[in-house]
Amino acid sequence: MKKLFKLIPILFLILSCQEEGELTRTPQNIVPITPTAILKYYGTFEPTSGIAVAGEAKIYQEGTQYKVKLDNFSVSDGPDLKVYLSKAATPTDFVNLGNLTSQTVYPIPSSVNIEDYSHVLIHCQQYSHLFAIAELIQN
Amino acid sequence: MKSKIHEYQKNNFKVMSKKLALILVVFANQGFSQGCSDAGICSINKGFTTEEKNFKNHIEIAAIFGAGESDVRYVSPYVSYTKRFNDRFSFTSKVTFSTATGSFGTRSQFGDAFLIGNYSFKEKSKKQWSALLGWKFPFTASNLKINGYSLPLDYQSSLGTVDLFLGTNLNYKNWDFNAALQIPVFNLNKNSYFKEYGGTDDFPSTNLFERKSDALLRATYSMKTPNKKFTFKPNVLFIYHLGEDSYENIFSQRENIKGSDGLTINGNLITSYSISKQSSIELSLATPFVVRDVRPDGLTRSFVAGLQYQYSF
């Protein structure tokens, strides 16, 4: 019985794992910016307290589709970082463009009126901590 | 006299076996629907267990295998320990673990810890009531990822809520009737899955998921073979989800998930084999036949098979 008790945590540790599948294999959902895309807005990322960030947020238009591109971008590690297109410098009214991953281009849903949004934010959703802010300037 | 009772038990057992076979045939013809996979409310009747009163300690080790939504498959082991303080009061603790495998990959993690207290009232006219109070604590915020990709709740080992259980049980002859409530008291769910970015339509968005309570009713009939080695416990389980769950959509607005409330009915057959006075093994087979229209919590199973080993000392 004692042996069994010792085996249980070891068994749990062995079982504790993750393995990618067809929907989580990298790279996935890589969206390119075509050479014909027009740069409409851009802004340089500024960090919040205790965070290191570099790079720019750029919004391109391709036909009727808008896309956010993170250019020469790097940021401090965070557990649940998201890319927000926001109406303010704080994450109160925004469009969640998804997880910050190795992908650099994030399509903006077609129902979004791009003129209503003034910032691109990098935000840790799980711990509700804002990492970086890029105020958008019209090109 | 003894042989007459034995004969009666045999006949009674034959009749019940036929009824059981009929129930199983009906269940087997019901196609895909929501199953009873919730490590919480579906399994808390264990906290009502009153059969074994000769031993003070009771350990249970189990592995539950399940088929879920889309192509998701589960292996969910758990360990539980029950301490019986006296004839009236017992206390159960339980830790769950889950491995989910499907198109998103494989994700394993500890699920929840349960702490459940049970009080049995004095038996009167062959009726015994008991009451249960318990808590469920999650080990995760239900935001496990693979390669940085957010996963639906179907792949999460816990719902990420601290839940309160309140329940009562009536034991009358061979019947047990349970009623229970599972109430999410603190929502720690930080799931960040969006259908829009998931690459599949199989799972609904559950970003910052908020869950409503469940109410449970269960009726169980127990029958033992004449040699008392085997016990069969067919049971039917009604779970009512008492409201629509909600999530925060990509536009940062909270949205109710239409069709996520309502009734689920499960059929379950437990077969127990007594190895000795102290130990037994149990096989539990469950399948649902009435479901909610939308099941965002990832508790959906088309079939569940559980294998348990119990040891008392």
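Residues are numbered from 1 along each chain as its sequence is written, and chains are lettered from A, and ligands numbered from 1, in the order in which they are written. Because the model is predicted, local features need a pLDDT of at least 70 and side-chain atom pairs count only at pLDDT 80 or more, whereas totals for chains, interfaces and linings use all residues.

The predictor gives the complex an ipTM of 0.87 and a pTM of 0.85. Residues 1–5 of chain B have a pLDDT below 50 and, beyond near neighbours in sequence, 0 contacts in the model, two residues being in contact if their C-beta atoms, placed from the backbone, lie within 7 Å. Residues 15–40 of chain B also have a pLDDT below 50, but this stretch has 53 contacts beyond near neighbours in sequence.

Secondary structure is given as DSSP runs numbered from the N terminus, with helices (H or I) of at least four residues and strands (E) of at least two. Chain B contains 2 helices and 17 strands, while chain A contains 1 helix and 10 strands, arranged from the N terminus on as α-β-β-β-β-β-β-β-β-β-β. A residue is termed buried if 20 or more other C-beta atoms lie within 10 Å of its own, exposed if 12 or fewer do, and partly exposed in between, with C-beta atoms placed from the backbone. By this criterion, 42% of the 313 residues in chain B are buried, and 29% of the 139 residues in chain A are buried. Among contacts between residues at least 6 apart in sequence, those joining residues at least 24 apart make up 64% in chain B and 55% in chain A.

The contact between the two chains takes 28 residues from chain B and 26 residues from chain A. On the side of chain B that touches chain A, the elements giving two or more residues are strand S3 (89–102), strand S4 (105–120), strand S7 (149–150) and helix H2 (195–198) of chain B; S4(B) gives the most, with 5 residues. By class, this side of chain B has 10 nonpolar, 16 polar and 2 charged residues, where Ala, Val, Leu, Ile, Met, Phe, Trp, Tyr, Cys and Pro count as nonpolar, Asp, Glu, Lys and Arg as charged, and the others, Gly among them, as polar. Strand pairing, which requires at least two DSSP bridges between two strands, also links the chains: strand S1 (residues 18–20) of chain A and S4(B) run antiparallel and are joined by 3 bridges, with B:Arg107 in S4(B) as the bridge partner of A:Gln18.

Within chain B, strand S5 (residues 127–138) is joined to strand S8 in the antiparallel sense by 10 bridges, and B:Gly134 stands opposite B:Phe165 in S8(B). S8(B) also pairs antiparallel with strand S9 (residues 175–187) of chain B over 12 bridges, the bridge partner of B:Gly167 being B:Ala180 in S9(B). In a regular strand the side chains alternate between the two faces of the sheet. In S8(B) (residues 161–172), the covered face includes B:Thr161, B:Phe165 and B:Asn169, and the uncovered face includes B:Val162, B:Leu166 and B:Tyr172.

S8(B) and S9(B) form a hairpin with 2 residues between them, and B:Lys173 in this turn has a positive phi of about 50 degrees. Most residues other than glycine have a negative phi. B:Lys173 is exposed, with 9 other C-beta atoms within 10 Å. A positive phi, of about 60 degrees, is also found at B:Ser142, which is not a glycine; B:Ser142 lies in the loop between S5 and strand S6 (145–146) of chain B and is buried, with 28 other C-beta atoms within 10 Å.

B:Lys190, in the loop between S9 and H2 of chain B, touches residues of both chains, among them A:Asp80, A:Gln125, A:Gln126, B:Ser142 and B:Gly160. B:Lys190 is partly exposed, with 19 other C-beta atoms within 10 Å. B:Gly160 is 30 residues away from B:Lys190 along the chain, yet their C-alpha atoms are separated by 7.5 Å.

Conventions: pLDDT = per-residue confidence, 0-100. Lists of a residue's contacts leave out its neighbours within four places in sequence.
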